[in-house]
Amino acid sequence: MGKLCAPRLGALLLGVLLLCLSPEAGAAVSATPKATGPGESVYVAGCPDWSPMEWYNPETKNYEGVLPRLLEQLGQETGLDFTYIRAGSQDQRQRLAENGQVELVFGTEEELKGWKLAKVRPVLTMDQGERVCLGLTKIAGEERTAQLEKALEQISQQELLDLALDLAEERPVGIPTWKKLAAAGVTALLTATSVLLGRALYRNRKARGEEIRRDSMTGLGNRTYFAEAFDHLIPDQYRELYCVAFLGFDISRVNQYYGETEAEEQLCAAAQELELSIRDNEIVARVSGSGFAVARPSAGPSQTAVWLEELLARLNRCMDKYGKGYHPVFRGGLYFLEPGDRDWETVLANARQGYYRAMETGQPYSLSSKDLLRQENEKLQMKKRLWEGLRNREFRMFLQPIVCFPGGQIAGAEALSRWDHPQKGLLYPGSYIELMESERAITELDFYIFEEACRQLQDWQTQGLQVWISCNFTRATIDHEGFLHRVETIAGRYTFDRDRLILEITEDTMESNKELAFDNISGCKRMGFQVALDDAGSGNTSFSDLRDYPIDLVKIDRSILNSAVNERGVALLAGMIALAHSLKMKVLCEGVETAAQAELLRQRDCDYMQGYHFYRAMPPEEASRLMNERESL
């Protein structure tokens, strides 16, 4: 049905019939397959299924619903008989009306205004201004048109609403089979007659005493209420026109700082703000410890975003009075329903996934789309696969060559990881490192690559290649109590010059557990390994750290090189190189991507360079071939 809007209780301005009328009272409403009924009958083009307004009942072989009852009442007032022309499975109203085969047709004002009709007369006005109308064709004539208009003015309205509710309760509200939802019309259809009649029916049931469970603490509906309201107020056919927002805050932190009593006060304050902010056609409920859900018609992504941002702002202002040591912050997840979304728990879980993403990223809210849910599901599957991948040796070491100056020869290589996933192919660290850290598997990956580096150095030493490999260790690995024992055990399986292996540590390693980090790094030095400080300049390394830790090589972060585009940037880069040299340390600069950057570093006496300008990361076999070729030149 094109653009159709439906009423709220008390907002209908529609007139209609009395329920007590019997069919023998005078006028009749019948149906026929084609316009060959009684000559004096007024013919009406019927809609296949516009429940509960009008629909064809194959058992009674007649039209039923609110509008056929309205025609009965009009017949009582005018003495006219009405005969519906059956539509079959296709909507034929416009064709019948424009061909002069019927006198009357019902439809929305929006759709009827495009048809060739003699007159369009509103019979039902909605609270948002849209109307269901009676269309009169050219063959209705002036006299009959005047009769019907006068009769319509006499119609009572409240009894029609009661009738509509009763009919909707008897027959489930359905979407017209004669017109599918179109992308351009979905927002208009949000307030379709059948949808809001269903909403009015639900409120009517509540008024009759049907029990709805409430959250005892906040007074809002609970999960059971949300489930029932979701099912009753949003017909399956219209769910793609709705969105659900999940709103919440970190209540565990509130309990930690202030205790349960104040946490409950904050929940109640938030619930009161939500109740004041929610409209009649929206559903709000407390669905978890500190989580609230709101289901509402979607006005489109941009307008819905504005609504959610304003709602979150109001909730956070409400929390301002609790901002002592910890200020609770409301965040949200937003999910736009799709045609197959019929299970309320799944919809709620989808919206909550957006909330979790907002918590992770620090954003006010995050949109939970099918793509995001797919990504999260892929992450979940990858998490389950991580340990199996380590056991099956699916992870591979790649090597990025490092050149030295002034000659530009290959001096060594950095060991990097890749995951040769059975289904996804070769994955880069960015797609799995965070998962490794969250699953506490990163230490196993560090030692895995460390052993691969030891094996490669043994092979190169056998081939007579005098190059080194730098191998990364994360903070979690350096902080491990058994770190030195595992390093010694793994390295002991292979024969190579220990100073050919450089262990890279990051700045944050020295900030976590300084005493343990110092002991472990010093232990590595005693075993003969070299130590490099990775990403220097990107963190919080102090001069005392450079003085106290046994560091052999400083790796300058690429951000320092990229910022060396003016006098001060160049001075900072040159100063860092000079400082490292004054402390008897070698310098390696990462992220060299242009000849100009390489020349700048050469002029500042940088010892080593690494980046795409020279070589990309490659499998060990390719790196070995490359180095052997260089040796033979």
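Analyst: Buried means under 20% relative accessible area, exposed means over 50%, and partly exposed is in between, with a 1.4 Å probe and protein chains only. This is a predicted model, in which local features need pLDDT of at least 70 and side-chain atom pairs count only at pLDDT 80 or more, while totals for chains, interfaces and linings use all residues. Residues are numbered from 1 along each chain as its sequence is written, and side-chain values use heavy atoms, with hydrogens and water left out.

User: Phe-473 and Phe-483, are they buried or exposed?

Analyst: Phe-473 and Phe-483 are both buried.

User: And how are the rings of Phe-473 and Phe-483 arranged, what is the angle of their planes?

Analyst: The structure holds 19 aromatic pairs, where rings of Phe, Tyr and Trp (its six-membered ring) pair if their centres lie within 6.5 Å, and planes under 30 degrees apart count as stacked, over 60 as edge-to-face and the rest as tilted. The ring centres of Phe-473 and Phe-483 are 5.3 Å apart and the planes stand at 90 degrees, so this pair is edge-to-face.

User: Which parts of the chain does the pair tie together?

Analyst: Phe-473 sits in the loop between strand S18 (468-472) and helix H16 (475-478), and Phe-483 in helix H17 (residues 483-491), so the pair links parts that are ten residues apart in sequence. Helices (H or I, at least four residues) and strands (E, at least two) are DSSP runs, numbered from the N terminus. Phe-473 and Phe-483 also belong to one aromatic cluster with Phe-447, Phe-450 and Phe-529.

User: OK, sheets now. What is the strand order in the open sheet of five strands?

Analyst: The order is S11-S12-S10-S13-S14, with mixed pairing, and two strands count as paired if DSSP finds at least two bridges between them. Strand S11 (283-286) and strand S14 (365-367) are at the edges with a single partner strand each, so one side of each has no neighbour in the sheet. Direction ignored, neighbouring strands of this sheet are turned by 15 degrees against each other on average; axes here are lines fitted to C-alpha atoms, for helices over the stretch in contact, and angles run from 0 to 180 degrees between N-to-C directions.

User: How many bridges are there between S10 and S12?

Analyst: Strand S10 (residues 242-248) and strand S12 (residues 291-297) pair over seven bridges in the antiparallel sense, and Phe-246 has Ala-293 in S12 as its bridge partner.

User: Which strands does helix H10 touch?

Analyst: Helix H10 (residues 260-277) packs on the sheet and touches S10, S11 and S12, its direction making about 5 degrees with that of S12, where contact means heavy atoms within 4.5 Å. Helix H12 (residues 344-361) also packs on the sheet, touching S10, S12, strand S13 (331-336) and S14, and its direction makes about 140 degrees with that of S13.

User: What about the open sheet of three strands, in which order do they come?

Analyst: The order is S3-S4-S5 with antiparallel pairing, and strand S3 (49-50) and strand S5 (62-64) are the edge strands, each pairing on one side only. Strand S4 (residues 54-57) is joined to S5 by three bridges, and the bridge partner of Trp-55 in S5 is Glu-64.

User: Last topic, how many disulfides does the count come to?

Analyst: With a disulfide taken as a pair of cysteine sulfur atoms within 2.5 Å, the count is zero. As for individual cysteines, Cys-268 is partly exposed at 28% relative accessible area, whereas Cys-318 is buried at 16%.
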